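Good morning, and thank you for coming.

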Amino acid sequence: MMCSRLRPTLPHLFSLRMMSAGDTRIVAAKHRDLLSAALAFEDPSAFRVKSWGELLRALGIFHFCSFPVLVNNCGKLMSIARTLLGKRGFSLLLRPTVYAQFVAGENEREISQSIEKMSLLGLRPMLAVPIEEDLGESTGEKRYDDNMEAMLECVRMSHSKAWSKDPMMQLKITALLSPELCVKLTTLTAQRPCDLDLLVRGMNGEPISFPGLNENEVAHFQCGLKRLNKIAEASVNKVRVLVDAEYTYMNPALSLVTMAMMKKFNKDGVWIWNTYQCYLKESRSLLLEALRLCKSEDFCLGVKLVRGAYMDKERKLAEKKGRPDPIYQCWEDTNDSYNGSLNVMLEIIAQKPEHYRIIIATHNEESVRRAAKRMEELRIDKDGGSVCFGQLLGMCDHVSLTLAKEGYAVYKSVPYGSVDDTLPYLVRRAQENRTVLQGIRKERDLLKQELSRRLRLSLRGSS
């Protein structure tokens with residue numbers, strides 16, 4: 001691998017000692033340039049592992065996604081298609097196309113087949129149960145209990161199948177606790193900070209009282225805490241649970257609950273992780289506060305670092321409520337926020353790799369290159385467990401496969417379930433990630449180059 005060849009041998013180290021400081025800096029700069037070149041993400045050979053069908057499917061879907069009007073209205077279009085084709089016909093249309101591109105499968109056999117293929121390419125799965133709720137979608141305790149069982153099954157599959165040496169899964173708290181309660185908790189905790197120990201006692205099954213909540217709300221809150229506790233107990237020392245961030249009007253409550261889970265379960269390792277959305281102006285202060293809290297409360301911190309996916313809705317809501325826009329105004333500011341928070345985490349990981357972990361969840365090539373270069377500078381092991389990379393299944397494979405080839409730990413976010421179960425998830429993800437979907441020209445071009453290469457080989461072979 002490129003990076004392993006770049007490590008200096010003993011004679012090289014001796015010659016470095018004989019150089020001036022200026023010469024040493026020049027050598028170091030060249031070393032970093034070579035590292036950057038190793039992660040250029042320009043090589044279409046990354047797609048040679050794909051079958052003809054997979055190439056053509058990806059090209060077709062990415063071409064579809066290049067039209068904003070289609071992405072913005074994909075929910076309506078799918079609803080119309082379902083009405084015209086019926087449930088069976090709609091499933092027959094989606095299964096070999098959009099579903100096959102972005103979903104691992106419906107049952108354990110299909111999921112295993114998809115993930116075993118990923119594993120052969122050096123990629124690791126991060127299973128995601130496609131269940132979430134927003135305001136007005138609450139469905140009652142029975143539904144939340146069913147969601148808990150689905151997530152416990154996700155823990156079981158992630159652990160028992162041994163698809164990777166360090167399994168991960170994603171969790172959305174609003175699948176286990178009503179969004180309405182999360183919004184109310186956000187309002188209450190802004191007025192009066194909450195002690196994490198109170199929530200830990202609730203997880204342990206002790207009766208708790210929460211000022212500002214009525215009797216029914218407290219009862220639901222306790223049920224939600226117990227559900228989260230069951231999932232955490234099942235996963236600790238087996239599967240790392242990455243809690244997703246959602247909307248700003250409920251995120252403080254989600255982070256509060258996640259931090260309480262960390263306090264209980266992250267004493268000796270990083271099993272519960274929180275997500276930080278770097279398109280938010282407050283993201284750096286939230287990350288620094290989490291670092292302060294984990295130090296003062298003596299628990300380990302896991303960070304999933306993302307840019308963010310709810311920009312349009314957040315801005316519309318802020319305008320409607322007459323509040324300041326919580327999102328950075330330009331892409332460059334978001335990039336600076338992401339790269340700055342990334343550097344904070346890498347520097348602290350270099351000091352205490354057993355106490356902190358990060359998944360660099362991004363499709364942005366420049367951020368990936370920066371991370372790889374900084375890891376090299378800080379002597380952070382590529383596959384030591386403290387730092388890994390993450391992308392969505394079916395997207396950004398030229399980045400994922402290149403990273404895996406160079407020896408980095410790379411995870412793919414892998415949703416699974418039936419067409420009916422995953423459709424709302426896929427529509428929501430498409431609309432949230434529309435800028436990513438519309439910006440996949442490079443991946444599409446690399447796919448075309450690989451397709452052209454195969455066609456040329458086929459023509460030569462037949463002549």
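A nonpolar core is a set of buried Ala, Val, Leu, Ile, Met, Phe, Trp, Tyr and Cys residues joined through side-chain atoms within 4.5 Å. Buried means under 20% relative accessible area, exposed over 50% and partly exposed in between, with a 1.4 Å probe and protein chains only. The model is predicted, so local features need a pLDDT of at least 70 and side-chain atom pairs count only at pLDDT 80 or more, while totals for chains, interfaces and linings use all residues. Residues are numbered from 1 along each chain as its sequence is written, and side-chain values use heavy atoms, without hydrogens and water.

Let us begin with the interior. In soluble globular proteins, nonpolar side chains tend to be buried together. Here the largest nonpolar core has 100 residues, of which Leu-199, Phe-221, Leu-301 and Ile-358 touch the most other members. Helix H12 (residues 251-265) supplies the largest share of this core, nine residues; helices (H or I, at least four residues) and strands (E, at least two) are DSSP runs, numbered from the N terminus. A second, separate core has 28 residues, including Leu-55 and Tyr-425.

I turn now to the aromatic rings. Rings of Phe, Tyr and Trp (its six-membered ring) pair if their centres lie within 6.5 Å; planes under 30 degrees apart count as stacked, over 60 as edge-to-face and the rest as tilted. There are four aromatic pairs in the structure. In one of them, Tyr-247 and Tyr-249 are stacked, at 5.2 Å centre to centre with 10 degrees between the planes. How are the rings of Tyr-247 and Tyr-310 arranged? Their planes stand at 45 degrees, with the centres 4.3 Å apart, and therefore this pair is tilted. Tyr-247 and Tyr-310 are 63 residues apart, so the pair links distant parts of the chain. Together, Tyr-247, Tyr-249 and Tyr-310 make up one aromatic cluster.

Finally, consider strand E8 (residues 410-415). Why is E8 described as largely enclosed by the rest of the structure? Because six of its six residues are buried. Val-410, Lys-412 and Val-414 point one way from E8, and Tyr-411, Ser-413 and Pro-415 the other way. Strands pair if DSSP finds at least two bridges between them. E8 pairs in the parallel sense with strand E1 (residues 124-128) over five bridges, and Leu-127 stands opposite Val-414. Strand E7 (residues 387-392) also runs parallel to E8, joined by four bridges.
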